[in-house]
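Me: Hey, I've just opened this one and I'm new to it. Can we walk through it together?

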Amino acid sequence: MRVLRASEVEQRVGLSRTTIWRLERTGEFPSRRRLGANAVGWLEQEVEDWITSRPEVSAGSLPEVRADQ
């Protein structure tokens with residue numbers, strides 16, 4: 001079992017610390033674990049499970065971006 005620190009979680013999920021914190025508060029993201037007095041981390045498997053649970057986005061469902069706007 002591997003524990004990920006905040007910077008690695010941010011990098012893997014592509015979200016900011018604030019967004020991760022908000023998702024945690026609503027129960028939509030795995031909870032952090034206290035590692036010490038001033039350290040927290042997330043279980044790698046829980047983060048990976050969260051990533052795979054996210055819906056896939058197809059190219060057809062993305063909004064069109066026009067260069068002339």
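Predicted model: local features only at pLDDT ≥ 70, side-chain atom pairs only at ≥ 80, totals over all residues.

Me: Let's take Glu8. What does Glu8 form a salt bridge with?

Reply: Glu8 pairs with Arg2, and their closest N and O atoms are 3.1 Å apart. Glu8 is partly exposed at 22% relative accessibility. Arg2 is partly exposed too, with a relative accessible area of 40%.

Me: And Glu44, what does its side chain meet in a salt bridge?

Reply: Arg2 again: the side chains of Glu44 and Arg2 form a salt bridge at 3.5 Å, N to O. Since Glu44 sits in helix α3 and Arg2 in the segment before β1 (3-4), the pair ties together parts that are 42 residues apart in sequence. Glu44 is partly exposed, with a relative accessible area of 22%.

Me: What does the side chain of Glu24 pair with?

Reply: Glu24 meets Arg32 in a salt bridge, 2.5 Å from N to O. Glu24 is buried, with a relative accessible area of 14%, while Arg32 counts as partly exposed at 33%.

Me: Which residues get joined into one network by shared partners?

Reply: Arg2, Glu8, Arg12, Glu44 and Glu48 are linked that way, through salt bridges that share partners.

Me: Switching topic. Which residues make up the largest nonpolar core?

Reply: There are 10 residues in that core: Leu4, Ala6, Val9, Val13, Ile20, Leu23, Phe29, Trp42, Val47 and Trp50. The helices α1 (6-13), α2 (17-25) and α3 (44-53) each supply at least two of its residues. In general, nonpolar side chains tend to be buried together in soluble globular proteins.

Me: Which helix gives the most to the core?

Reply: That's α1, with 3 residues.

Me: Let's zoom in on Val9. What is Val9 in contact with, leaving aside neighbours within four places in sequence?

Reply: Val9 is in contact with Leu4, Ile20, Phe29, Trp42 and Val47, once those sequence neighbours are set aside.

Me: How many aromatic pairs does the structure hold?

Reply: It holds 1 aromatic pair. The partners are Phe29 and Trp50, arranged edge-to-face, with 4.8 Å centre to centre and 70° between the planes.

Me: Are Phe29 and Trp50 buried or exposed?

Reply: Both Phe29 and Trp50 are buried.

Me: Now α2. Which residues of α2 are buried?

Reply: The buried ones are Ile20, Leu23 and Glu24. They cover an arc of only 105° around the axis, which puts them on the same side of α2.

Me: What do the buried residues of α2 pack against?

Reply: They pack against α1, β3 (39-43) and α3.

Me: And what does the face turned away from the buried side carry?

Reply: That face of α2 carries the exposed residues Arg22 and Arg25. Arg22 has a relative accessible area of 52%, and it counts as exposed because the cut-off is over 50%.

Me: How far apart in space are Arg22 and Arg5?

Reply: They are 17 Å apart, C-alpha to C-alpha, and 17 residues apart in sequence.

Me: What happens just after α2?

Reply: Gly27 takes a positive phi of about 80° there.

Me: Last stop, Glu10. Where does Glu10 lie?

Reply: Glu10 lies in helix α1, and at 22% relative accessibility Glu10 counts as partly exposed.

Me: What is Glu10 in contact with, leaving aside neighbours within four places in sequence?

Reply: Leaving those neighbours out, Glu10 is in contact with Leu15, Ser16, Arg17 and Ile20. With Arg17, the side chain of Glu10 makes a side-chain polar contact at 2.7 Å.

Me: And how far is Glu10 from Glu44?

Reply: Their C-alpha atoms are separated by 12 Å, and the two are 34 residues apart along the chain.

Methods: Residues numbered from 1 in each chain as written. Heavy atoms only, no water. Core = buried A, V, L, I, M, F, W, Y, C linked by side-chain atoms within 4.5 Å. Buried < 20%, exposed > 50% of the residue type's maximum accessible area, 1.4 Å probe, protein only. Helix = DSSP H or I, 4+ residues; strand = E, 2+ residues; numbered from the N terminus. Contact = heavy atoms within 4.5 Å. Arc of directions from axis to C-beta. Salt bridge = Lys/Arg side-chain N within 4 Å of Asp/Glu carboxyl O. Phe/Tyr/Trp six-rings, centres within 6.5 Å; stacked < 30°, edge-to-face > 60°. Polar contact = N/O pair within 3.5 Å; in protein donor to acceptor, adjacent residues only side chain to side chain.
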